[in-house]
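Please open the model in your viewer and keep the selection panel at hand. We will go from the whole chain to single side chains, one stop at a time.

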Amino acid sequence: MGISDVSASLFQATAAASVQAKPAAAKAGATDGSGPAASSKTDKVDLSDLASALKGDALDLFTNLSAEDRTSLGKLVSSGALSADELNDALSSALKLERKKAFWQSAREDAEAGRTPEGEARQKSMKAISDRMESELESRRAAMHAPGVSPQDRLAALSKLSEDLKDMQNSWDQLAGIGMPMKAYTLKGGDERFFATSKEQAAGQKLKDLGFNSATFDKVLSSQSKDFAQKYLSEEGTSQMTLGNVNK
């Protein structure tokens, strides 16, 4: 066998070994989880098992998260850093905290929407009346106690001051809407839709301490909380109240 024949044989043997080695490498990858198919299958099963352990609003939040956020949370559970029950409580805690923020923000925006030029003018008039009442009280009381003023004159001046101040107070009350119905925003302290239990708060803090942070998670959380707060406001979050007593 010549040199050329030996070289050809070696080339064929090397090529055959290379072809046989490729399926072996792919198989090894599937076994250790590094292959794409194996990884995809594992992630799908883990997330499915995790979702089945969640419930209520926490499950709704989880299913609306991005695939990346769901996978990140799934890894915290599969690693043992967080139990599925703790994740459920942590998501519930985050929702309730954000709902409170959304409720009061909506209430502020609603109140600000009612501010008008007429309202601003009314505020200025109220301040002017308050300033006048303070000035009248100081100057007229000083005059009452001036040297030479008799007790009878002082009593008459005091009665007149009381009537004048009462008229000014009535004018102020009318501008302020005292005795008129107004919208009141109500968030009951025992409402479990807004207030997390100590167990939920602890789980929420644990998730935070583990370093989970995601802008896409925050966006979904904010969106769902705003929708909930708006629905709550329209159905039961506001009522009518009377400011002050109309019968003095």
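Among contacts in the protein between residues at least 6 apart in sequence, 83% join residues at least 24 apart, where contact means heavy atoms within 4.5 Å. This is a predicted model, in which local features need pLDDT of at least 70 and side-chain atom pairs count only at pLDDT 80 or more, while totals for chains, interfaces and linings use all residues. Residues are numbered from 1 along each chain as its sequence is written, and side-chain values use heavy atoms, with hydrogens and water left out.

**Stop 1: the whole chain**

Colour by secondary structure, and you will find nine helices and two strands. These are DSSP runs numbered from the N terminus, with helices being H or I of at least four residues and strands E of at least two. Followed from the N terminus, the order of elements is α-α-α-α-α-α-α-β-α-α-β. Of the 248 residues, 25% count as buried; buried means under 20% relative accessible area, exposed over 50%, and partly exposed in between, with a 1.4 Å probe and protein chains only.

**Stop 2: the nonpolar cores**

Select Leu61, Phe62, Leu73 and Leu91 next: they have the most contacts inside the largest nonpolar core, which has 21 residues. Such a core is a set of buried Ala, Val, Leu, Ile, Met, Phe, Trp, Tyr and Cys residues joined through side-chain atoms within 4.5 Å. Helices α2 (36-53), α3 (56-63), α4 (67-78), α5 (84-113), α8 (198-209) and α9 (215-237) each supply at least two of its residues. The largest share of this core, five residues, comes from α5. In soluble globular proteins, nonpolar side chains tend to be buried together.

Now centre on Leu61. Which residues does Leu61 touch, not counting residues up to four places away in sequence? They are Leu91, Leu95, Phe217, Val220, Leu221 and Gln224. Then move on to a second, separate core of seven residues, including Ala102, Phe194, Ala229 and Leu233.

**Stop 3: the aromatic rings**

Show the rings of Phe, Tyr and Trp (its six-membered ring); they pair if their centres lie within 6.5 Å, and planes under 30 degrees apart count as stacked, over 60 as edge-to-face and the rest as tilted. By this rule there are six aromatic pairs. Pick Phe103 and Tyr232: their ring centres are 5.7 Å apart and their planes stand at 70°, so the pair is edge-to-face. Phe103 lies in helix α5 and Tyr232 in helix α9, so this pair ties together parts that are 129 residues apart in sequence. Phe103 is buried, with a relative accessible area of 0%, and Tyr232 counts as buried at 4%.

For another edge-to-face pair, select Phe212 and Phe217, with ring centres 5.3 Å apart and planes at 85°. Both of these phenylalanines are buried. Next, highlight Phe103, Trp104, Phe194, Phe228 and Tyr232 together, as they form one aromatic cluster.

**Stop 4**

What lies over the face of Phe228? It is Arg99, at 3.9 Å from the ring centre; a charge sits over a ring if NZ of Lys or CZ of Arg is within 6 Å of the ring centre and within 35 degrees of the ring normal. Arg99 lies in helix α5 and is buried, with a relative accessible area of 6%. Leaving aside neighbours within four places in sequence, Arg99 is in contact with Asp57, Arg193, Phe194, Ser225, Phe228 and Ala229.

Step across to Ser225, which lies in helix α9 and counts as buried at 0% relative accessibility. Beyond its neighbours within four places in sequence, Ser225 has contacts with Leu95, Glu98, Arg99 and Ala102. Draw a C-alpha to C-alpha distance from Ser225 to Ala102: these two are 123 residues apart in sequence and 6.3 Å apart in space.

**Stop 5: Phe195 in its loop**

Phe195 is found in the loop between β1 (181-185) and α8. Is Phe195 buried or partly exposed? At 28% relative accessibility, Phe195 counts as partly exposed. With neighbours within four places in sequence set aside, its contacts are Lys96, Lys100, Leu187, Lys188 and Gly189. The C-alpha atoms of Phe195 and Leu95, 100 residues apart along the chain, are separated by 9.4 Å.
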